[in-house]
Amino acid sequence: MVDVDFKLRIFKRDYTNDHVAWNHLRFAVVDLHKSEDYPSNFVSMLPMRIDSDGKMPSIFTKFFGPKSLETARRLLKEALKTEDDSEIKAEIKRRLNLLEPNPVIQIKCVVCKKFFRTQKERAFKQKICPECMKRYRSQE
Ligand SMILES: [Zn+2]
């Protein structure tokens, strides 16, 4: 499988109903080897997260198998180079960050209420920023 033929097609759509209105970007994976025209070259939607342990397989992960994560990253990085819409670019970056195995996120310190950055895996335990932590320790 030559995966250079796969590309992302990103659609902007506005949804509204009685309760909510939101702007939704849809990331479709297309196979240019199959066809140049959409939607006959449609493969699947690009999921927000790639489930690497296969507990909840999506059409995307079923299709790309063990190469899912690598393919998703490559598709997003390539799309980032060609897109010029700032909203789409921001969403691509957000999705790339979600695909990082341990992304750095911002959380709010429960003591000083300032935001600090930490790794996602540690964020569940870590609720206090390093400065406040230091203050606590020095009081002991
Ligand atoms: Zn703090």
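Which residue caps the N-terminal end of helix 3? The residue is aspartate 85, one of whose side-chain oxygens lies 2.8 Å from the backbone nitrogen of glutamate 87. The model is a predicted one, in which local features need pLDDT of at least 70 and side-chain atom pairs count only at pLDDT 80 or more, while totals for chains, interfaces and linings use all residues. Residues are numbered from 1 along each chain as its sequence is written, and side-chain values use heavy atoms, with hydrogens and water left out.

The protein holds 5 helices and 5 strands, where helices (H or I, at least four residues) and strands (E, at least two) are DSSP runs numbered from the N terminus. Followed along the sequence, these elements give the pattern β-β-β-α-α-α-β-β-α-α. Of the 140 residues in the protein, 30% are buried; buried means under 20% relative accessible area, exposed means over 50%, and partly exposed lies in between, with a 1.4 Å probe and protein chains only. Among contacts between residues at least 6 apart in sequence, 32% join residues at least 24 apart, a contact being heavy atoms within 4.5 Å.

Among the strands, strand 3 covers residues 42-45 and includes serine 44, which is buried with a relative accessible area of 2%. Not counting residues up to four places away in sequence, serine 44 touches Phe27, Ala28, Val29, Ile59 and Phe60. In the loop between strand 2 (21-31) and strand 3 lies proline 39, and the peptide bond that joins tyrosine 38 to proline 39 is cis, with omega at about 10°.

The buried residues of helix 2 are Ser68, Thr71, Ala72, Leu75, Leu76 and Ala79. Seen down the axis of helix 2, these buried residues fall within an arc of 130°, so they line one face of the helix, the arc being that of the directions from the helix axis to the C-beta atoms.

Helix 3, residues 86-99, has 14 residues and reaches 20 Å between its first and last C-alpha, close to the 20 Å expected at 1.5 Å a residue. Within helix 3, the residues Ile88, Glu91, Ile92, Arg95, Leu96 and Leu99 are buried. Because these buried residues fall within an arc of 140° when seen down the axis of helix 3, they line one face of the helix, whereas Ser86 and Lys93, on the other side of helix 3, are exposed.

Arginine 73 is partly exposed, with a relative accessible area of 21%, and its C-alpha is 9.8 Å from that of isoleucine 92, a residue 19 places away in sequence.

The zinc ion is held in the model by Cys109 (SG), Cys112 (SG), Cys129 (SG) and Cys132 (SG), its protein donors, which lie 2.2 to 2.3 Å from it. Donors are N, O and S atoms within 2.8 Å of the metal (3.2 Å for Na, K and Ca), and water is not among the atoms, so sites may look incomplete. In sequence, the donor residues are spaced C-x2-C-x16-C-x2-C. The 4 donor atoms make angles of 103 to 114°, and the site is tetrahedral, a term that applies to four donors if all angles lie between 85 and 135 degrees. Cysteine 109 counts as buried at 1% relative accessibility, while cysteine 112 is partly exposed at 27%.

Lysine 113 lies in the loop between strand 4 (104-108) and strand 5, and has a positive phi of about 65° although it is not a glycine. Most residues other than glycine have a negative phi. Lysine 113 is exposed, with a relative accessible area of 52%. Threonine 118, in strand 5 (residues 115-119), is buried at 6% relative accessibility, and its side chain makes a polar contact of 2.7 Å with the side chain of glutamine 126. A polar contact is a pair of N or O atoms within 3.5 Å; within protein, one must be able to donate a hydrogen and the other to accept it, and residues adjacent in sequence count only if both atoms are side-chain atoms.

Technical notes. Four donors count as tetrahedral if all angles lie between 85 and 135 degrees; four count as square planar and six as octahedral if opposite donors are over 155 degrees apart and all others between 65 and 115; anything else is irregular. The expected span of a helix is 1.5 Å times one less than its number of residues.
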